[in-house]
Amino acid sequence: MSLTSEYIIAPWEAETYVQSLEMTDLHDICTKKWFEFHKRLILLNQQSVLEINEFREESIKEWFVCLKKIPILIYEAIQIDIWKHKVFPILIELNNEPENTFMLFSVFYHENVAASLLENVLFHCESAITMDDTVLDLIDYAVKCVTVLLNRNDVEIYENLKDSSSCLEEILEKKRELEFDIGMRCISILRYLAEYLDSLPLSAILRMLSIHDIPYLLVQLIENHPWSKNDSEGNVLLYDGKWNKVKDEGKISKIEAQIWFGLRELLLNPKCAPYYEITEYRLSNLLKLQKYLHEIVLDQIAPLIDLKRWLSYLSMSSTSSTTSRPIYVEVIPQMKEMILKKYNKKWKKLAKHQAKSIFTKDTDYIKNSAQILSDAYDLDKLDCIDVKKCFSCQEQAKKRCSKCKEAWYCGR
């Protein structure tokens, strides 16, 4: 087997890539330096996905943990989120219609790559220990992205754009698609953080329960189920990286399972009780979960039996809590405030500076930028990342049709 089929990046390169990661600056977006950083992040993410799909030792996760580079991923995701709300609208206002989508898409995709790496790395408990107080920034960011999912008008994805669509319409659609995907990834991130609360600082528990009331947020997700929708023909579609037609409607999706596990951890962990007072309002919302905890769900996720029992007890007991509330000092997240403070009243100046690169008509500059990313979009490498399904039986497939080059099969 060739090296390229075993790795996206060689093991000796992975350590160097992670070691060299440093926080970027908003000022540098779409410069050659930024594209080089963006490329490395993409390749690291692809290698991480490959290791997970093939059940290998997760070397990318190990390097991010050992070298304590997870805060950089958090910073990059937050920075691009700020850019989308502070700089992007000014860019459009000053320059109107972009002539290509490549530059803007690269910026939006950068946030998605950072979120994807965070989702992959945070699957493991040891990752939680290396974040320190930056976990507060991650909690704020994840809650913000998940909350967007509850507004269906903002997250509706139109898969088939008309040929006459402008570059601006196309990039806005891509922005919505990526934000939807990031929101789904952040559901998993919140679930992992809930599971690792014992390894996180007390300020993280306070932020998840008292400041953001994440159990309430998760209840709203169960009620609204944004990961499912119906197509024009009435078929049920579930989101798992992309929209897929459902064959077994009784089967719980991965996203819904993550929410249930997150709820169970936050509500049943004894360490959380002092920080989460069950008021009448919270009680009325939590009891909405009972109608969803039927036999079909409990058969698939047996640990939820404990949650159902707890909810039954809650419905029969008084909402007044006798648990003494701890005295705590709230720790304030730093990353977002640091970026906002640095560029306060400078957003228009920043947008004018970046317009020279993002709205450039210099074809050589665009080609050179695209060339930097060419290795990250090698189709042969990307094929080994995607888990292909057999066109006939839907099982995992490794043989591609030699004629159409699109259909995949599990055998000859």
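Predicted model: local features only at pLDDT ≥ 70, side-chain atom pairs only at ≥ 80, totals over all residues.
Arg56 lies over the face of Tyr7, 5.6 Å from the ring centre. A charge counts as sitting over a ring if NZ of Lys or CZ of Arg is within 6 Å of the ring centre and within 35 degrees of the ring normal. Residues are numbered from 1 along each chain as its sequence is written, and side-chain values use heavy atoms, with hydrogens and water left out.

**Aromatic pairs**

- A pair of aromatic rings is described by the distance of the centres and the angle of the planes.
- A search of the whole structure turns up 12 aromatic pairs. Rings of Phe, Tyr and Trp (its six-membered ring) pair if their centres lie within 6.5 Å; planes under 30 degrees apart count as stacked, over 60 as edge-to-face and the rest as tilted.
- Trp83 and Phe108 make an edge-to-face pair, because their ring centres are 5.9 Å apart and their planes meet at 65°.
- Trp83 belongs to helix α5 (residues 70–86) and Phe108 to helix α7 (residues 102–121), so this pair ties together parts that are 25 residues apart in sequence. Helices (H or I, at least four residues) and strands (E, at least two) are DSSP runs, numbered from the N terminus.
- Both Trp83 and Phe108 are buried. Buried means under 20% relative accessible area, exposed means over 50%, and partly exposed is in between (1.4 Å probe, protein chains only).
- Phe180 and Trp243 form a tilted pair, with 5.5 Å from centre to centre and 35° between the planes. This pair links distant parts of the chain, as Phe180 is in helix α11 (residues 167–195) and Trp243 in strand β3 (residues 243–245), 63 residues apart.
- Phe180 has 2% relative accessibility, so it counts as buried. Trp243 is buried too, with a relative accessible area of 17%.
- Trp34, Phe35 and Phe102 come together in one aromatic cluster.

**Salt bridges**

- Side chains of opposite charge can pair when their charged atoms come close.
- The structure holds 21 salt bridges. A salt bridge is a side-chain nitrogen of Lys or Arg within 4 Å of a carboxyl oxygen of Asp or Glu.
- Lys61 bridges to Glu62, with the closest N and O atoms 2.6 Å apart. Lys61 is buried at 6% relative accessibility, whereas Glu62 is partly exposed at 31%.
- Lys361 and Glu99 meet in a salt bridge at 3.5 Å, N to O. Lys361 is in the loop between α19 (347–358) and α20 (363–372), and Glu99 in the loop between α6 (88–95) and α7, 262 residues apart.
- Lys361 counts as exposed at 64% relative accessibility, and Glu99 counts as exposed at 57%.
- Arg176 and Glu173 form a salt bridge of 2.8 Å, N to O. They both lie in helix α11, 3 residues apart, about one turn of the helix.
- Arg176 is partly exposed at 28%, but Glu173 is buried at 1%.
- A network of salt bridges links Asp81, Lys84, Glu111, Lys144, Lys175 and Glu179.

**A buried charge without a partner**

- Glu76, in helix α5, is buried yet has no salt bridge.
- The nearest side chain of opposite charge is Lys33, 10 Å away. Here Lys and Arg count as positive and Asp and Glu as negative, while His and the chain ends are not counted.
- Leaving aside neighbours within four places in sequence, Glu76 is in contact (heavy atoms within 4.5 Å) with residues including Glu22, Phe37 and His110.

- In helix α4 (residues 59–66), the buried residues include Ile60 and Phe64. Seen down the axis of α4, its buried residues fall within an arc of 130° (taken from the directions from the helix axis to the C-beta atoms), so they line one face of the helix.
- The buried residues of α4 pack against α2 (11–20), α3 (32–53), α5, α7 and α8 (125–129).
- Helix α12 (residues 202–211) is mostly covered, with 7 of its 10 residues buried.
- Asp213 follows α12 and has a positive phi, near 50°.
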